[in-house]
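Please keep the sequence and the coordinates at hand while reading.

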Amino acid sequence: MSRDESQQTLHLLCLAESTSKRNRLEACAGALTFAPGEGPDWHTSTAPNTDRALAILNAGWVDAAVIDLEAEQAEHFLQQARDAGIVTPLLVVTADSETSTVTPLLAAGADEFLPADELTPLLLERSLRLCTRDQAVDSRLEYLAQHDMLTGLPNARLFERQLDLALHTAERHGRCMALMCVHLDAFQERVRKGGQDAAEALLTQSARRLRALLRRSDLVARSHNEEFLLLLECSAELSDLALTASRILETLAEDEDSGKGSCASIGIAVFPHSSSVPRQLLEHARMALNQVRDAGGNDFRLYDEALEVVSHRRVLMERALPGAIQRSEFSVRFQPRFDLRTRSITAAEVLLRWNSPDFGAVSPDQFIPAAESTGAINRIGTWVLEQAVRAGRRWLDAGHRLRLAVNVSAGQFRGGEFADDLARLLKIHGLPAELLELELTERVFVANVAEHRDLFTSLTDLGVGLAVDDFGTGYSALAYLRHFPVHALKIDRTFIAPLPASEDDSAIVRAIIALGHALDLRVVAEGVDDQAQIRFLEAIGCDEIQGFLVGRPMTAEELNDLLTGQDAASDAWPA
Ligand code: C2E
Ligand code: CA
Ligand code: CA
């Protein structure tokens, strides 16, 4: 049957207990389609029993149902349907029109009754029209009460109801949901400059963009003035969250003509991490939003303090990092390390620098974590190692046996080729392995005891040194020192800075040096920046020092001058 697409088609469900009743209903309903007038085209289906009828009604695509059952059975069915939250108009065929017959059925939830002996297509049609029209009016009113008229999005009231339900479902299925409060930073300015019309245009445009960006299952609502609420499913590790938030900021910023680029701020709270109570979740997202706005807006922030705060800037950095090598934005600096007894330079730590056209000079403390989380650290780390090996070779050629210390992240071991690649690099440039030292944090050693033991052994077999970086900050478990072929400990600068005044730190540093020497390791103090520290470290037998006082991170040329000067003078460090 070909149906005119422009004509409204409504679905009618018929339920009857006997074949004869079912035939009568179907005949009546079938005649509806040919009823004269402008009415809808009724499409009829029949349910074989009450269970099936309930399932069909629950699925939500039926516009009305007409049932012809024994009074008691009908009453029970109506109750079940209404208890299940089914709001579809339900019409009941009754034996007669006596009050005693009809009242209990209406009370149980029937919308209309049709006395069996009066049942004609015309009566059925009229009753259906009334019921569905009432329903249409009801749902229009309901719609108005729950939606924002300007954007057509659900309002805060509906959102809160949807939120309740969505969180229940998420809990049952063990899913994580992100609640985002999105504030249009440019809104008030838009009102001032362009008036209400311009501001409304911004709102409708933003609503459209948000809806277009998100999945159909995500919730989008306009809560008030310039604020939208979103609820989206996110991965348990929240790895996708920052990207989604960045995309939202970008979408809202597109062809934004305010010129300033400050467009939106987003506060995020995650279910169940930051709360599993809907209202609290909303509160937390707002708190995070306020933080973003206080910090100048145009960014996003996660509420939970325990979670890493990943900012928009961080995401942009993550995207820029992989291409930074090709664009020659990286360079390295060398910070000398001095032997405390001979006062001569023993080694230099290779420190990476990123000069980005977008972010300026970025501290490695900021971009290394970003490179680690995207895996870009692998190629960047290899690049640094190559710079170190080349530099070491150049100094060797110039007559300086300078050890180069390179920071290595755990992510660089992924893929299992680290040791082979390093061996190849040393061979190509002809650098003796003992002139290279790898600095790894305690965290890397401890977390990878089982996994990386072979790797560390093959590195020492190769002849490169291993140093524990930031010693003292990571773990109190020292057992790993016995398991790994470590050569040096670098005491973290947080222990060195309070020396010698702080008794606690003096005791700790003394203990670390004693421990290091007992295990036959060299001990290096990091972050030395005054003379009193040097005297103290000398007195307690520390082997080497590194710090701004004796040498800042410098270019290869600058270090070269220092090395040359050292050969001429007896006292090397610039005091
Ligand atoms: P780190 O390994 O602890 O490196 C020492 C940091 O302390 C350097 O900061 C250095 O400039 C700074 N420093 C040295 N002496 C002093 C001092 O006397 N006082 C103070 N306040 N600071 C001092 P930088 O260069 O900003 O590097 C920061 C961190 O970034 C490094 O900490 C290291 O963890 C990481 N990093 C740097 N380059 C690389 C690299 O090539 N690969 C990896 N994976 N990480 C790197
Ligand atoms: Ca280091
Ligand atoms: Ca360090």
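How many residues surround ligand 1, and which are the closest? In this predicted model, ligand 1 is surrounded by 21 residues. The closest are Arg353, Ser409, Asp469, Arg493 and Phe548.

A polar atom in the side chain of arginine 493 is placed 2.5 Å from an oxygen atom of ligand 1. Serine 409 brings a polar side-chain atom to 2.9 Å from a nitrogen atom of the ligand. Asparagine 407 also takes part, with an N or O atom of its side chain 3.0 Å from an oxygen atom of ligand 1.

Helix α7 spans residues 187–213 and helix α8 spans residues 241–253. Their axes are 9 Å apart, and the helices pack at an angle of about 140°. Angles over 145 degrees would count as roughly antiparallel; α7 and α8 are therefore oblique to each other. The crossing of α7 past α8 is right-handed. On the α7 side, the contact is formed by Ser206, Arg209, Leu210 and Leu213, and α8 contributes Arg247, Ile248, Thr251 and Leu252. Sorted by class, the residues of this contact comprise four nonpolar, two polar and two charged.

Next come α10 and α11. Helix α10 covers residues 312–320 and helix α11 covers residues 364–374; their axes come within 9 Å and cross at roughly 65°. Here, too, α10 passes α11 in a right-handed crossing. From α10, the residues Arg313, Arg314, Met317 and Glu318 meet a set in α11 made up of Gln366, Phe367, Pro369, Ala370, Ser373 and Thr374. The contact of α10 with α11 contains four nonpolar, three polar and three charged residues.

What is the orientation of α12 and α13 to each other? Helix α12 (residues 377–397) packs with helix α13 (residues 418–429) at an angle of about 30°, and their axes are 10 Å apart. Angles under 35 degrees count as roughly parallel, and α12 and α13 are therefore roughly parallel to each other. Their crossing is right-handed. Leu385, Glu386, Val389, Arg390 and Arg393 represent α12 in the contact, while Phe418, Leu422, Leu425, Leu426 and His429 represent α13. By class, this contact of α12 with α13 holds six nonpolar residues, one polar residue and three charged residues.

The peptide bond leading from phenylalanine 271 to proline 272 is cis, with omega near 5°. Proline 272 belongs to the loop that joins β9 (264–271) and α9 (278–294). A cis peptide bond also links leucine 499 to proline 500, with omega near -5°. The location of proline 500 is the loop between α17 (493–496) and α18 (503–518).

Which residue other than glycine has a positive phi value near 55°? It is serine 328, which is found in the loop between α10 and β11 (330–339).

Methods: Residues are numbered from 1 along each chain as its sequence is written. Chains are lettered from A and ligands numbered from 1 in the order in which they are written. This is a predicted model: local features need pLDDT of at least 70, side-chain atom pairs count only at pLDDT 80 or more; totals for chains, interfaces and linings use all residues. Side-chain values use heavy atoms; hydrogens and water are left out. Axes are lines fitted to C-alpha atoms, for helices over the stretch in contact, and angles run from 0 to 180 degrees between N-to-C directions. Helices (H or I, at least four residues) and strands (E, at least two) are DSSP runs, numbered from the N terminus. Angles under 35 degrees count as roughly parallel, over 145 as roughly antiparallel, 65 to 115 as roughly perpendicular and the rest as oblique. A crossing is left-handed if the near helix is turned anticlockwise from the far one by less than a right angle, and right-handed if clockwise. Contact means heavy atoms within 4.5 Å. Ala, Val, Leu, Ile, Met, Phe, Trp, Tyr, Cys and Pro count as nonpolar, Asp, Glu, Lys and Arg as charged, and the others, Gly among them, as polar. A residue is near a molecule or strand if one of its heavy atoms lies within 4 Å of it. A polar contact is a pair of N or O atoms within 3.5 Å; within protein, one must be able to donate a hydrogen and the other to accept it, and residues adjacent in sequence count only if both atoms are side-chain atoms.
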